Amino acid sequence: MSVFTPVTAEALSDWLRRYAVGRLAHVQGISAGVQNSNFFVTTTLGRYVLTLFETIPRAELPFYLHLMAHLARHGLPVPAPIADQDNEYLGTLSGKPAVLVMRLTGQADLPATPARCERVGAMLAGLHLAGLSYGRRQDNPRGAAWRSATAAQVRPFLPGDEQALLDAELAFQVRVPTDALPQGVIHADLFRDNVLWDGEHIGGVIDFYFAGCDALLFDVAVTVNDWCALPGGALDEARCRALLGAYHAERPFTDEERAAWPAMLRAAALRFWLSRAADFHLPRAGEMVLVKDPDEYRDILRQRTRNVPPLVAGSP
Ligand SMILES: Nc1ncnc2c1ncn2[C@@H]1O[C@H](COP(=O)(O)OP(=O)(O)O)[C@@H](O)[C@H]1O
Ligand SMILES: N[C@@H](CCOP(=O)(O)O)C(=O)O
(Lines give C-alpha, C1' and ligand atoms only; values in the text may rest on other atoms or scores of the structure.)
(Ligands and ions follow the chains in the order given, each with its own letter.)
Protein backbone atom coordinates (compact mmCIF):
# COMPACT_ATOMS: atom_id res chain seq x y z
CA MET A 1 0.00 0.00 0.00
CA SER A 2 -0.88 2.21 0.70
CA VAL A 3 -2.72 4.21 3.34
CA PHE A 4 -6.42 3.49 3.06
CA THR A 5 -7.33 4.82 6.51
CA PRO A 6 -5.73 8.02 7.84
CA VAL A 7 -4.70 8.30 11.50
CA THR A 8 -4.29 11.64 13.24
CA ALA A 9 -1.41 12.26 15.63
CA GLU A 10 -3.94 13.14 18.35
CA ALA A 11 -5.86 9.87 17.99
CA LEU A 12 -2.62 7.89 17.93
CA SER A 13 -1.22 9.68 21.00
CA ASP A 14 -4.37 8.75 22.93
CA TRP A 15 -4.27 5.17 21.67
CA LEU A 16 -0.61 4.72 22.65
CA ARG A 17 -1.51 5.41 26.29
CA ARG A 18 -2.76 1.81 26.33
CA TYR A 19 0.85 0.64 25.80
CA ALA A 20 4.10 0.95 27.75
CA VAL A 21 5.96 2.42 24.77
CA GLY A 22 6.33 6.06 25.87
CA ARG A 23 4.88 9.12 24.15
CA LEU A 24 4.38 9.67 20.43
CA ALA A 25 7.24 11.58 18.79
CA HIS A 26 6.51 11.04 15.08
CA VAL A 27 4.15 9.18 12.77
CA GLN A 28 4.48 8.71 9.03
CA GLY A 29 2.33 6.79 6.51
CA ILE A 30 4.14 4.03 4.56
CA SER A 31 3.54 3.89 0.82
CA ALA A 32 4.81 0.32 0.25
CA GLY A 33 2.57 -2.74 0.63
CA VAL A 34 -0.82 -3.40 -0.90
CA GLN A 35 -3.06 -4.83 1.76
CA ASN A 36 -3.18 -2.83 4.97
CA SER A 37 -2.58 0.74 6.15
CA ASN A 38 0.91 0.97 7.69
CA PHE A 39 2.69 3.73 9.61
CA PHE A 40 6.15 4.16 11.06
CA VAL A 41 5.65 5.25 14.67
CA THR A 42 8.46 6.69 16.75
CA THR A 43 7.91 7.19 20.46
CA THR A 44 10.12 8.39 23.26
CA LEU A 45 11.00 4.74 23.92
CA GLY A 46 11.29 3.03 20.55
CA ARG A 47 10.50 2.55 16.88
CA TYR A 48 7.44 0.61 15.81
CA VAL A 49 5.18 -0.11 12.87
CA LEU A 50 1.44 0.44 13.26
CA THR A 51 -0.82 -1.63 10.99
CA LEU A 52 -4.54 -1.03 10.51
CA PHE A 53 -6.15 -4.08 8.95
CA GLU A 54 -8.37 -3.15 6.06
CA THR A 55 -9.81 -6.44 4.85
CA ILE A 56 -8.78 -9.34 7.08
CA PRO A 57 -11.61 -10.39 9.39
CA ARG A 58 -10.80 -9.61 13.03
CA ALA A 59 -11.31 -13.23 14.07
CA GLU A 60 -8.45 -14.31 11.77
CA LEU A 61 -5.89 -11.83 13.10
CA PRO A 62 -4.80 -13.64 16.31
CA PHE A 63 -3.38 -16.45 14.12
CA TYR A 64 -0.98 -13.99 12.44
CA LEU A 65 -0.02 -12.04 15.55
CA HIS A 66 0.67 -15.10 17.70
CA LEU A 67 2.59 -16.63 14.77
CA MET A 68 4.85 -13.57 14.61
CA ALA A 69 5.37 -13.75 18.39
CA HIS A 70 6.10 -17.49 18.12
CA LEU A 71 8.68 -17.07 15.34
CA ALA A 72 10.36 -14.14 17.11
CA ARG A 73 10.57 -16.33 20.24
CA HIS A 74 12.33 -18.93 18.09
CA GLY A 75 15.07 -16.44 17.27
CA LEU A 76 13.93 -15.47 13.77
CA PRO A 77 14.03 -11.80 12.73
CA VAL A 78 10.25 -11.39 12.67
CA PRO A 79 8.49 -8.29 14.06
CA ALA A 80 7.25 -9.15 17.53
CA PRO A 81 3.79 -7.71 18.24
CA ILE A 82 3.54 -5.39 21.24
CA ALA A 83 1.09 -6.27 24.01
CA ASP A 84 -1.01 -3.52 25.57
CA GLN A 85 -1.59 -3.05 29.28
CA ASP A 86 -4.34 -5.71 29.15
CA ASN A 87 -1.74 -8.05 27.62
CA GLU A 88 -3.56 -8.02 24.25
CA TYR A 89 -1.87 -7.67 20.86
CA LEU A 90 -4.95 -6.64 18.91
CA GLY A 91 -6.60 -3.25 19.46
CA THR A 92 -8.86 -0.86 17.53
CA LEU A 93 -7.85 2.48 16.00
CA SER A 94 -9.76 4.69 13.54
CA GLY A 95 -12.46 2.04 13.62
CA LYS A 96 -10.11 -0.67 12.31
CA PRO A 97 -8.41 -3.63 14.00
CA ALA A 98 -4.88 -2.41 14.77
CA VAL A 99 -1.54 -3.74 15.98
CA LEU A 100 1.78 -2.24 16.94
CA VAL A 101 4.86 -4.34 16.09
CA MET A 102 8.60 -3.84 16.51
CA ARG A 103 10.21 -1.95 13.64
CA LEU A 104 13.08 -4.03 12.28
CA THR A 105 16.19 -2.60 10.68
CA GLY A 106 17.32 -3.05 7.14
CA GLN A 107 16.52 -2.18 3.58
CA ALA A 108 14.01 -4.05 1.43
CA ASP A 109 14.05 -4.75 -2.30
CA LEU A 110 17.81 -5.15 -2.74
CA PRO A 111 19.03 -7.00 -5.86
CA ALA A 112 18.45 -10.76 -5.67
CA THR A 113 22.04 -11.99 -5.88
CA PRO A 114 22.80 -15.71 -5.52
CA ALA A 115 24.35 -14.95 -2.10
CA ARG A 116 21.12 -13.29 -0.91
CA CYS A 117 19.04 -16.10 -2.42
CA GLU A 118 21.05 -18.56 -0.36
CA ARG A 119 20.21 -16.71 2.87
CA VAL A 120 16.57 -16.43 1.88
CA GLY A 121 16.38 -20.18 1.23
CA ALA A 122 17.88 -20.94 4.63
CA MET A 123 15.56 -18.39 6.29
CA LEU A 124 12.48 -19.90 4.65
CA ALA A 125 13.46 -23.35 5.90
CA GLY A 126 13.96 -21.84 9.37
CA LEU A 127 10.47 -20.33 9.29
CA HIS A 128 9.00 -23.68 8.22
CA LEU A 129 10.85 -25.63 10.91
CA ALA A 130 9.96 -23.17 13.70
CA GLY A 131 6.35 -23.17 12.44
CA LEU A 132 6.03 -26.90 13.10
CA SER A 133 5.63 -26.23 16.83
CA TYR A 134 3.06 -23.45 16.36
CA GLY A 135 -0.20 -24.56 17.95
CA ARG A 136 -2.81 -22.55 16.00
CA ARG A 137 -4.23 -23.57 12.61
CA GLN A 138 -5.70 -21.46 9.87
CA ASP A 139 -5.95 -22.32 6.18
CA ASN A 140 -3.95 -20.44 3.57
CA PRO A 141 -6.29 -17.50 2.83
CA ARG A 142 -5.17 -17.55 -0.83
CA GLY A 143 -5.73 -21.29 -1.30
CA ALA A 144 -7.91 -23.20 -3.76
CA ALA A 145 -11.28 -21.69 -2.73
CA TRP A 146 -9.96 -18.13 -3.04
CA ARG A 147 -8.35 -19.01 -6.38
CA SER A 148 -11.64 -20.17 -7.92
CA ALA A 149 -13.63 -17.23 -6.54
CA THR A 150 -11.08 -14.63 -7.67
CA ALA A 151 -10.67 -16.20 -11.10
CA ALA A 152 -14.43 -15.88 -11.63
CA GLN A 153 -14.29 -12.18 -10.64
CA VAL A 154 -11.37 -11.13 -12.87
CA ARG A 155 -12.02 -13.40 -15.89
CA PRO A 156 -14.50 -11.00 -17.57
CA PHE A 157 -11.85 -8.24 -17.61
CA LEU A 158 -9.23 -10.36 -19.41
CA PRO A 159 -8.65 -10.56 -23.18
CA GLY A 160 -9.39 -13.90 -24.88
CA ASP A 161 -5.86 -15.33 -24.81
CA GLU A 162 -5.54 -14.63 -21.08
CA GLN A 163 -8.94 -16.17 -20.39
CA ALA A 164 -7.72 -19.30 -22.19
CA LEU A 165 -4.51 -19.35 -20.11
CA LEU A 166 -6.53 -18.92 -16.93
CA ASP A 167 -9.06 -21.64 -17.79
CA ALA A 168 -6.32 -24.11 -18.73
CA GLU A 169 -4.37 -23.42 -15.55
CA LEU A 170 -7.38 -23.74 -13.26
CA ALA A 171 -8.24 -27.06 -14.92
CA PHE A 172 -4.61 -28.20 -14.50
CA GLN A 173 -4.36 -27.18 -10.85
CA VAL A 174 -7.49 -29.02 -9.69
CA ARG A 175 -5.84 -32.26 -10.85
CA VAL A 176 -2.57 -31.68 -8.92
CA PRO A 177 -2.33 -34.11 -5.96
CA THR A 178 -1.10 -32.06 -2.99
CA ASP A 179 -2.06 -34.36 -0.11
CA ALA A 180 1.29 -36.20 -0.07
CA LEU A 181 3.27 -32.95 0.27
CA PRO A 182 4.61 -31.94 3.71
CA GLN A 183 2.30 -29.34 5.23
CA GLY A 184 2.89 -26.59 7.77
CA VAL A 185 2.69 -22.86 8.38
CA ILE A 186 3.75 -20.90 5.31
CA HIS A 187 4.60 -17.21 4.98
CA ALA A 188 3.08 -17.26 1.47
CA ASP A 189 4.43 -13.85 0.37
CA LEU A 190 8.21 -13.94 0.89
CA PHE A 191 8.91 -11.47 -1.89
CA ARG A 192 11.92 -9.19 -2.10
CA ASP A 193 9.93 -6.34 -0.56
CA ASN A 194 9.26 -8.43 2.53
CA VAL A 195 12.89 -9.12 3.43
CA LEU A 196 14.92 -6.36 5.08
CA TRP A 197 18.69 -6.54 4.62
CA ASP A 198 21.16 -5.38 7.24
CA GLY A 199 24.30 -5.50 5.10
CA GLU A 200 24.41 -9.04 3.75
CA HIS A 201 22.39 -10.39 6.71
CA ILE A 202 18.64 -10.63 6.93
CA GLY A 203 17.53 -8.02 9.46
CA GLY A 204 13.82 -8.73 9.10
CA VAL A 205 11.13 -10.83 7.48
CA ILE A 206 7.85 -8.91 7.47
CA ASP A 207 4.24 -9.11 6.30
CA PHE A 208 2.86 -12.34 7.69
CA TYR A 209 -0.72 -11.41 6.83
CA PHE A 210 -1.03 -13.98 4.04
CA ALA A 211 0.34 -16.78 6.23
CA GLY A 212 -1.60 -20.00 6.72
CA CYS A 213 -1.35 -23.76 6.70
CA ASP A 214 -0.59 -25.32 3.33
CA ALA A 215 2.05 -27.30 1.43
CA LEU A 216 5.50 -26.04 2.43
CA LEU A 217 6.56 -26.45 -1.20
CA PHE A 218 4.00 -23.85 -2.28
CA ASP A 219 5.88 -21.32 -0.11
CA VAL A 220 9.17 -22.34 -1.72
CA ALA A 221 7.60 -21.82 -5.14
CA VAL A 222 6.25 -18.35 -4.22
CA THR A 223 9.72 -17.38 -3.04
CA VAL A 224 11.56 -18.77 -6.08
CA ASN A 225 9.16 -17.12 -8.53
CA ASP A 226 10.04 -13.72 -7.09
CA TRP A 227 13.69 -14.08 -6.09
CA CYS A 228 14.89 -16.14 -9.02
CA ALA A 229 12.95 -14.75 -12.01
CA LEU A 230 14.72 -12.99 -14.85
CA PRO A 231 12.95 -10.20 -16.77
CA GLY A 232 10.27 -11.97 -18.85
CA GLY A 233 9.80 -14.63 -16.17
CA ALA A 234 12.38 -17.38 -16.90
CA LEU A 235 14.26 -18.74 -13.87
CA ASP A 236 17.88 -17.85 -13.19
CA GLU A 237 19.67 -21.13 -12.61
CA ALA A 238 22.37 -19.85 -10.23
CA ARG A 239 19.84 -18.14 -7.98
CA CYS A 240 17.56 -21.20 -7.96
CA ARG A 241 20.45 -23.46 -7.06
CA ALA A 242 21.51 -21.14 -4.22
CA LEU A 243 18.01 -20.72 -2.75
CA LEU A 244 16.87 -24.32 -3.14
CA GLY A 245 20.19 -25.78 -2.04
CA ALA A 246 20.21 -23.71 1.18
CA TYR A 247 16.59 -24.64 1.91
CA HIS A 248 17.25 -28.33 1.20
CA ALA A 249 20.24 -28.31 3.58
CA GLU A 250 17.88 -27.38 6.46
CA ARG A 251 14.75 -29.29 5.39
CA PRO A 252 15.44 -31.87 2.70
CA PHE A 253 12.88 -32.07 -0.10
CA THR A 254 10.90 -35.31 -0.40
CA ASP A 255 10.44 -37.30 -3.62
CA GLU A 256 6.81 -36.17 -3.73
CA GLU A 257 7.97 -32.55 -3.57
CA ARG A 258 10.42 -33.05 -6.43
CA ALA A 259 7.60 -34.50 -8.53
CA ALA A 260 5.22 -31.66 -7.67
CA TRP A 261 7.74 -28.84 -8.23
CA PRO A 262 6.65 -27.70 -11.73
CA ALA A 263 2.98 -27.69 -10.69
CA MET A 264 3.75 -25.73 -7.50
CA LEU A 265 5.63 -23.06 -9.43
CA ARG A 266 2.58 -22.71 -11.65
CA ALA A 267 0.18 -22.58 -8.69
CA ALA A 268 2.30 -19.86 -7.08
CA ALA A 269 2.43 -17.83 -10.30
CA LEU A 270 -1.33 -18.15 -10.76
CA ARG A 271 -1.98 -16.95 -7.20
CA PHE A 272 -0.16 -13.64 -7.75
CA TRP A 273 -1.45 -13.12 -11.28
CA LEU A 274 -4.96 -13.39 -9.84
CA SER A 275 -4.42 -11.09 -6.84
CA ARG A 276 -2.71 -8.44 -8.96
CA ALA A 277 -5.41 -8.67 -11.65
CA ALA A 278 -8.08 -8.30 -8.95
CA ASP A 279 -6.29 -5.24 -7.47
CA PHE A 280 -5.96 -3.78 -10.97
CA HIS A 281 -9.49 -4.39 -12.27
CA LEU A 282 -11.37 -4.10 -8.97
CA PRO A 283 -9.41 -1.41 -7.07
CA ARG A 284 -10.17 -0.38 -3.50
CA ALA A 285 -10.45 3.28 -2.53
CA GLY A 286 -7.60 4.77 -0.49
CA GLU A 287 -5.36 7.76 0.13
CA MET A 288 -2.25 6.16 -1.41
CA VAL A 289 -2.81 2.88 -3.20
CA LEU A 290 -0.09 0.78 -4.83
CA VAL A 291 -1.16 -1.62 -7.62
CA LYS A 292 1.42 -4.13 -8.84
CA ASP A 293 1.65 -5.20 -12.49
CA PRO A 294 -0.48 -8.30 -13.19
CA ASP A 295 1.26 -8.93 -16.54
CA GLU A 296 4.51 -9.77 -14.76
CA TYR A 297 2.86 -12.79 -13.15
CA ARG A 298 0.89 -13.70 -16.29
CA ASP A 299 4.28 -13.95 -18.04
CA ILE A 300 5.81 -15.94 -15.17
CA LEU A 301 2.88 -18.37 -15.37
CA ARG A 302 3.35 -18.75 -19.14
CA GLN A 303 7.07 -19.44 -18.61
CA ARG A 304 6.40 -22.04 -15.92
CA THR A 305 3.99 -23.94 -18.19
CA ARG A 306 6.81 -24.27 -20.75
CA ASN A 307 10.06 -24.92 -18.98
CA VAL A 308 11.09 -25.53 -15.36
CA PRO A 309 14.52 -26.70 -14.17
CA PRO A 310 14.35 -29.66 -11.75
CA LEU A 311 14.17 -29.03 -8.02
CA VAL A 312 17.58 -28.47 -6.39
CA ALA A 313 19.36 -28.38 -9.74
CA GLY A 314 23.03 -29.10 -9.34
CA SER A 315 23.01 -29.87 -5.60
CA PRO A 316 23.30 -33.34 -4.00
N1 LIG B 1 8.21 -4.48 11.25
C2 LIG B 1 8.66 -3.69 10.29
N3 LIG B 1 9.88 -3.15 10.38
C4 LIG B 1 10.34 -2.30 9.42
N5 LIG B 1 9.64 -1.94 8.33
C6 LIG B 1 8.41 -2.46 8.19
C7 LIG B 1 7.85 -3.36 9.14
N8 LIG B 1 6.62 -3.69 8.74
C9 LIG B 1 6.40 -3.03 7.59
N10 LIG B 1 7.47 -2.28 7.25
C11 LIG B 1 7.58 -1.42 6.09
O12 LIG B 1 6.27 -1.18 5.62
C13 LIG B 1 6.15 -1.56 4.25
C14 LIG B 1 4.75 -2.12 4.02
O15 LIG B 1 4.54 -3.24 4.82
P16 LIG B 1 3.76 -4.52 4.27
O17 LIG B 1 3.61 -5.44 5.43
O18 LIG B 1 4.42 -5.04 3.04
O19 LIG B 1 2.36 -3.88 3.88
P20 LIG B 1 0.97 -4.58 3.63
O21 LIG B 1 0.52 -5.07 4.96
O22 LIG B 1 0.10 -3.53 3.08
O23 LIG B 1 1.22 -5.68 2.66
C24 LIG B 1 7.27 -2.52 4.03
O25 LIG B 1 7.71 -2.51 2.70
C26 LIG B 1 8.37 -1.99 4.96
O27 LIG B 1 9.06 -0.94 4.34
N1 LIG C 1 3.76 -9.63 -2.91
C2 LIG C 1 2.50 -9.49 -3.58
C3 LIG C 1 1.59 -8.50 -3.03
C4 LIG C 1 1.44 -8.52 -1.54
O5 LIG C 1 1.75 -7.26 -1.15
P6 LIG C 1 2.72 -6.95 0.04
O7 LIG C 1 3.14 -5.58 -0.20
O8 LIG C 1 1.84 -7.18 1.21
O9 LIG C 1 3.87 -7.92 0.00
C10 LIG C 1 2.72 -9.11 -5.06
O11 LIG C 1 3.85 -8.76 -5.41
O12 LIG C 1 1.76 -9.19 -5.83
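Helix H3 (residues 114–131) comprises 18 residues, and its first and last C-alpha atoms lie 25 Å apart, close to the 26 Å expected at 1.5 Å a residue. The expected span is 1.5 Å times one less than the number of residues in the helix. Helices (H or I, at least four residues) and strands (E, at least two) are DSSP runs, numbered from the N terminus. The model is predicted: local features need pLDDT of at least 70, side-chain atom pairs count only at pLDDT 80 or more, and totals for chains, interfaces and linings use all residues. Residues are numbered from 1 along each chain as its sequence is written, while chains are lettered from A and ligands numbered from 1 in the order in which they are written.

The buried residues of H3 include Arg116, Cys117, Val120, Met123, Leu124, Leu127 and His128. A residue is buried if 20 or more other C-beta atoms, placed from the backbone, lie within 10 Å of its own; it is exposed if 12 or fewer do, and partly exposed in between. Among the elements covering these positions of H3 are H2, strand S6 (183–186), helix H6 (216–227) and helix H7 (237–250).

Helix H6 is largely enclosed by the rest of the structure, because twelve of its twelve residues are buried. Among them are Leu216, Phe218, Asp219, Asn225, Asp226 and Trp227. The cover over H6 includes H3, strand S9 (212–215), helix H8 (255–281) and helix H9 (294–306).

| Helix | Residues | End-to-end C-alpha distance | Expected span |
|---|---|---|---|
| H3 | 18 residues | 25 Å | 26 Å |

The domain assignment, which is automatic or taken from a database, gives domain 1 (9–102) and domain 2 (114–306). Their centres, taken over C-alpha atoms, are separated by 26 Å. Each domain contributes 21 residues to the contact, where two residues are in contact if their C-beta atoms, placed from the backbone, lie within 7 Å. On the side of domain 1 that touches domain 2, helix H2 (residues 61–73) supplies the largest share, seven residues.

The protein chain as a whole has nine helices and nine strands. Its radius of gyration is 20 Å, close to the 20 Å that the globule rule gives for 316 residues, so the chain is as compact as a globular protein of that length. The radius is taken over C-alpha atoms, and the rule is 2.2 Å times the number of residues to the power 0.38. Buried residues make up 39% of the 316 residues.
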